[in-house]
Amino acid sequence: MTNIPTIDFTGKVAFVTGAGSGIGRATAVAFAKAGASVTAVDISEKGLAGTVELLEGFGTKILPIICDVTSGDSVKAALDETLKSFGRLDAAFNNAGIEQPAQPLVELSEELFDGVIAVNLKSVFLCMKYQLEIMLRQGSGAIVNTASGAGVLAIRGQSSYCASKFGVVAVSKVAALENADKGIRVNAICPGIIDTPMIARYTGDTEAGRANIIAQEPIGRMGRPEEIAGTVLWLCSDAGGFVTGHAMVVDGGQTAGI
């Protein structure tokens, strides 16, 4: 019987976008706890500084980068700096994203639609484009992209958000098929309702708003960012080594009935 793989990133390098808060911050911390050197990427200088403060306690190397993930030049520069600092790239979590205010499609502006697609979907394409170049040279690597329950289930008033997240699932599956025989795995993760600043904005951060959204969760609570982080690390680790091209739903049962 072969040894059971463990989740250990000692000597490895992880790249995390949207690392300034929520799921991205929790995942950057989880990678550092597991021994990885971490490139933490965000557009918010304040948010990124808070994440770096948390990461500094784990004794691993940290590279914070302010980056606009909708810009190919900015993404490539961040990855070039990662290679310059760490020499390799083993795991990437493309997580940066924004929400859409609840709004019927007929009332949605072209500007808002384009903005949501740019941050949630185009950024994943750009990140994977340049991450895959590195991983193909190495002959190894794992990528996880943040989709959503809204990437497998249509939601009224969320046309641009659903379009972006369904798109993340699709592009993740295509990249997985294109690279499965090259030592590179690509998956998407589809979180349910997770207790993050994004959800706080969406609910108005009121008790009534929180109660309304929790009522959608069969498990009776919101998820924790750390629960998504743990799943991302598993998907990027040897323990998840036979998983590629999958959209993994982690949603407290929210989509179980579809």
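Trainee: How many bridges join S5 to S6?
Mentor: Six bridges, and the two strands run parallel. Keep in mind that this is a predicted model. As an example of a pair, alanine 142 has arginine 185 in S6 as its bridge partner.

Trainee: And which helix does the chain go through from S5 to S6?
Mentor: Helix H5, residues 159-179. That β-α-β crossover is right-handed.

Trainee: OK, S6 itself. How many of its residues are buried?
Mentor: Eight of its eight, so S6 is mostly covered.

Trainee: Which ones point which way?
Mentor: Ile184, Val186, Ala188 and Cys190 point one way from S6. Arg185, Asn187, Ile189 and Pro191 point the other way, and all are buried. The general rule is that side chains in a regular strand alternate between the two faces of the sheet.

Trainee: What about S6 and S7, how many bridges there?
Mentor: Four, with S6 (residues 184-191) and S7 pairing in the parallel sense. Proline 191 has valine 250 in S7 as its bridge partner.

Trainee: Zooming out, what's the strand order in the sheet?
Mentor: S3-S2-S1-S4-S5-S6-S7, seven strands in an open sheet with parallel pairing. Strand S3 (62-66) and strand S7 (247-250) stand at the edges. Each has a single partner strand, so one side of each is left without a neighbour in the sheet.

Trainee: What's the twist from one strand to the next?
Mentor: It averages 15 degrees.

Trainee: Speaking of H2, I clicked on threonine 51. Is that one buried or exposed?
Mentor: Threonine 51 lies in helix H2 (residues 45-55). Its relative accessibility is 0%, so it counts as buried, the cut-off being under 20%.

Trainee: What does it touch?
Mentor: Leaving out residues up to four places away in sequence, threonine 51 touches Ala19, Gly20, Ser21, Arg25 and Ala28.

Trainee: Switching to H1. Which strands does it touch?
Mentor: Strand S1 (13-17), strand S2 (37-42), strand S4 (91-94) and S6. H1 (residues 22-33) packs on the sheet, and its direction makes about 170 degrees with that of S1. H4 (residues 110-138) packs on the sheet too, touching S1, S4, strand S5 (141-146) and S6. The direction of H4 makes about 175 degrees with that of S5.

Trainee: How covered is H1?
Mentor: Mostly: ten of its twelve residues are buried. Among them are Ile23, Val29 and Phe31.

Trainee: Which H3 residues are buried?
Mentor: Gly72, Val75, Ala78, Leu79, Thr82 and Phe86. Seen down the axis of H3, they fall within an arc of 135 degrees, so they line one face of the helix. In general, an α-helix has 3.6 residues a turn, so residues three or four places apart point the same way.

Trainee: What does that buried set pack against?
Mentor: The buried residues of H3 pack against S1, S2, S3 and H4. On the face turned away from the buried side, H3 carries the exposed residues Asp73 and Lys84.

Trainee: Last one: what's the relative accessibility of aspartate 73?
Mentor: 69%, so aspartate 73 counts as exposed, the cut-off being over 50%. From valine 186, aspartate 73 is 113 residues apart in sequence and 23 Å apart in space, C-alpha to C-alpha.

Note on methods
Residues are numbered from 1 along each chain as its sequence is written. This is a predicted model: local features need pLDDT of at least 70, side-chain atom pairs count only at pLDDT 80 or more; totals for chains, interfaces and linings use all residues. Side-chain values use heavy atoms; hydrogens and water are left out. Two strands pair if DSSP finds at least two bridges between them. Axes are lines fitted to C-alpha atoms, for helices over the stretch in contact, and angles run from 0 to 180 degrees between N-to-C directions. Contact means heavy atoms within 4.5 Å. Buried means under 20% relative accessible area, exposed over 50%, partly exposed in between (1.4 Å probe, protein chains only). The arc is that of the directions from the helix axis to the C-beta atoms. A crossover is right-handed if, with the strands pointing away from the viewer, the path from the first strand over the helix to the second runs clockwise.
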